[in-house]
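Here is a set of questions and answers to be read with the sequence and the coordinates at hand.

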Amino acid sequence: MNRILTLLAACIISVSAYTQGKYEIRAAWLTTVFGLDWPEQDGYSYKTAERQKAELIDMLDQLYELNFNTVLLQVRLRSDVAYDSEYEPYSYVFTGKTGKSPSYDPLAFAIEECHKRGMECHAWLVCIPAGDDAMVRKAGWRSPVKKNPSLFKRFKGQWYLNPGNPKTKTYLAKMAGEITEHYDIDGIHLDYIRYPESGENFPDYNEFRKYNRAGKTRAEWRRDNITAIVESIYKEVKSKKRWVKVTCATIGKYKDTRDYSSKGWNSFHVVKQDPVAWLERGIVDMIYPMTYFRDDHFFPFVADWQDNRHGRYVIPGLGIYFLDPKERNWDVGVIEEQINYCRLIGTAGVALYRTKFLTDNTKNLKYKLRYPLFRFKAMQPPMTWEDNMAPSRPRNAFQVWDGNTVQLSWDKSKDNSGGKLTYNIYVSDEFPVNTADPANILLAGVENTATDIVPVYTYDRVCYYAVTSTDMFGNESEAAQFHMEMPRTTALAQTWNEKNPIQIMLTDLTGKSVLVIDYSLEPDFSGLKKGFYRLWCIYESGETKEAGYVCL
């Protein structure tokens with residue numbers, strides 16, 4: 001992307017907010033290392049566990065209200081974890097002691113709570129770093145560094161898994177496979193899957209001599225090592241559940257672009273990642289480049305990622321922590337411009353780092369997101385390279401409106417993959433409901449085939465509803481438009497009052513009469529347009545009582 005186009009794009013997005021599409025990933029990184037985002041306090045007791053759960057619920061509620069649909073939960077921190085693992089111990093952040101169970105499974109709890117809100121939960125693994133000397137000592141014999149010393153290298157006071165050891169890819173693949181097999185996870189998110197920064201002297205020379213049989217340079221060999229780890233994890237995950245997304249957080253700049261320098265900080269040359277090759281080879285589903293920059297360090301490099309996505313998805317990471325006055329004190333307009341720019345060039349969405357800067361409403365960011373940036377809900381874009389066949393349309397969609405809630409029900413859809421299905425509810429004041437319009441999304445990711453909801457529109461507007469099904473790959477079915485069958489007038493009236501009315505009256509939702517007929521006659525509604533009407537019974541005494549609602 002050249003300099004003129006970059007400046008032009010910046011000018012455009014500064015004066016115009018781009019309308020969101022129906023499909024857009026809105027992710028938040030929820031950091032557990034050192035308890036940065038969660039949990040706020042540790043301790044081994046029932047009360048502490050309940051407080052930790054309440055903290056997480058509050059964060060997820062806030063993300064849901066802001067119309068996020070993806071949570072990247074850090075579950076592997078520094079060779080310690082946030083779930084029950086065969087390979088590594090529980091992190092001390094939950095109980096104050098490494099290896100101590102917090103009396104509940106944080107990952108299982110987070111998945112359950114995310115799914116209740118129709119949000120995806122991805123297990124975020126910090127892959128290569130293993131912590132400093134103090135963290136290894138704190139873990140004692142439970143530390144993987146002590147249990148598998150041949151897999152690790154000490155470099156500049158920190159411990160790392162050694163990418164040059166072929167057993168490293170097997171070890172990480174087994175960890176990813178363990179999560180995939182035992183948890184109802186939506187994605188495996190790989191972070192720090194690279195060599196350390198300023199890592200030219202990383203102590204892997206012996207492995208380079210032993211395993212570099214192709215005569216490659218050390219830099220090429222290192223890139224191949226990282227690619228082999230990514231591929232091994234991808235194959236392990238997909239062998240267990242094809243629908244689980246494998247994604248990677250990468251350095252924010254791939255290489256220098258034609259017109260812009262990466263200023264010595266890029267994934268390809270500096271930390272030996274080659275995400276474009278991963279995308280091209282199809283060994284990741286999505287990448288989340290950590291584009292925690294602004295202006296000329298943001299726009300051209302995001303465009304470069306998007307131009308080289310090879311049919312997969314790019315979700316730029318936005319550094320909202322830089323809004324904090326203690327960091328770089330960015331104006332909130334920087335983030336607004338970046339979201340609009342990502343929409344302009346068609347990225348699959350955005351991810352925000354970190355959650356606490358969001359829930360703390362740094363620089364009023366929550367309000368900027370809710371209105372207008374994330375005003376409407378958004379759906380997950382489908383992984384059509386894994387499966388592109390939509391499930392069947394829900395059948396027998398039926399609704400009952402009692403004036404306080406709308407009761408919706410439908411028959412379960414069928415899907416070729418045999419996996420779990422979720423459902424999406426749309427609402428509009430037009431019939432049929434346009435399910436392509438994100439403004440009409442009411443609920444997404446509903447797991448049951450029946451739900452009660454509070455009417456979005458009441459007496460001044462007509463409500464119409466539609467339902468679709470979505471498979472595990474994100475393919476969405478055709479819509480079933482809801483209808484409410486008109487019961488026989490006599491039966492409906494008799495349920496209201498033992499004495500028969502002399503007339504039945506229909507009014508619109510504002511109370512204006514549109515039809516009056518004798519109770520004894522078969523009703524003819526052919527002259528009325530489709531929609532909701534209020535039904536009234538008129539008795540011989542002159543008494544008029546409302547009998548409910550009908551939908552034509």
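The questions below concern a predicted model, and they go from helices to strands and then to single residues.

Q: Which residues of helix H14 are buried, and how are they placed when seen down the axis of H14?
A: The buried residues of helix H14, which covers residues 365-373, are Leu365, Lys366, Leu369 and Leu373. Seen down the axis of H14, these residues fall within an arc of 115 degrees, so they line one face of the helix. In general, an α-helix has 3.6 residues a turn, so residues three or four places apart point the same way. The placement asked for is therefore one face of H14, within an arc of 115 degrees.

Q: Which exposed residues does H14 carry on the face turned away from its buried side, and what do its buried residues pack against?
A: The face of H14 turned away from its buried side carries the exposed residues Tyr367 and Tyr371. The buried residues of H14, for their part, pack against strand E1 (25-30), helix H2 (46-65), helix H12 (332-345), strand E12 (349-353) and helix H13 (355-359).

Q: Which residues make the contact of helix H11 with H12, and how many of them are nonpolar?
A: Helix H11 (residues 299-307) packs on H12 at an angle of about 35 degrees, with the two axes 11 Å apart, and H11 passes H12 in a right-handed crossing. From H11 the contact is made by Phe299, Val302, Ala303 and Gln306, and from H12 by Tyr341, Cys342 and Ile345. Of the residues in this contact, none is charged and 1 is polar, and the number that are nonpolar is 6.

Q: In what order do the strands of the 4-stranded open sheet lie, and which are its edge strands?
A: The 4 strands of this open sheet pair in the antiparallel sense, in the order E16-E15-E18-E19. An edge strand pairs on one side only, and this is the case for strand E16 (441-446) and strand E19 (480-481).

Q: How many bridges join strand E15 to E18, and how many join E15 to E16?
A: Strand E15 (residues 422-428) and strand E18 (residues 464-470) run antiparallel and are joined by 7 bridges, and in this pairing Ser428 stands opposite Tyr464 of E18. With E16 the pairing of E15 is also antiparallel, and there Tyr423 stands opposite Val446 of E16.

Q: Is Lys156 buried or exposed, and is Lys272 buried or exposed?
A: Both residues have a positive phi, near 55 degrees for Lys156 and near 65 degrees for Lys272. Lys156 is in the loop between strand E5 (152-155) and strand E6 (158-161), whereas Lys272 is in the loop between strand E8 (245-251) and helix H10 (275-281). With a relative accessible area of 60%, Lys156 is exposed, while Lys272, at 3% relative accessibility, is buried.

Q: Which residues does Ser267 touch, leaving out those up to four places away in sequence?
A: Ser267 lies in the loop between E8 and H10, and at 0% relative accessibility it counts as buried. One of the residues it touches is Ile251, which is in strand E8 and is itself buried, at 2% relative accessibility.

Definitions and conventions: Residues are numbered from 1 along each chain as its sequence is written. This is a predicted model: local features need pLDDT of at least 70, side-chain atom pairs count only at pLDDT 80 or more; totals for chains, interfaces and linings use all residues. Side-chain values use heavy atoms; hydrogens and water are left out. Buried means under 20% relative accessible area, exposed over 50%, partly exposed in between (1.4 Å probe, protein chains only). Helices (H or I, at least four residues) and strands (E, at least two) are DSSP runs, numbered from the N terminus. The arc is that of the directions from the helix axis to the C-beta atoms. Contact means heavy atoms within 4.5 Å. Two strands pair if DSSP finds at least two bridges between them. Axes are lines fitted to C-alpha atoms, for helices over the stretch in contact, and angles run from 0 to 180 degrees between N-to-C directions. A crossing is left-handed if the near helix is turned anticlockwise from the far one by less than a right angle, and right-handed if clockwise. Ala, Val, Leu, Ile, Met, Phe, Trp, Tyr, Cys and Pro count as nonpolar, Asp, Glu, Lys and Arg as charged, and the others, Gly among them, as polar.
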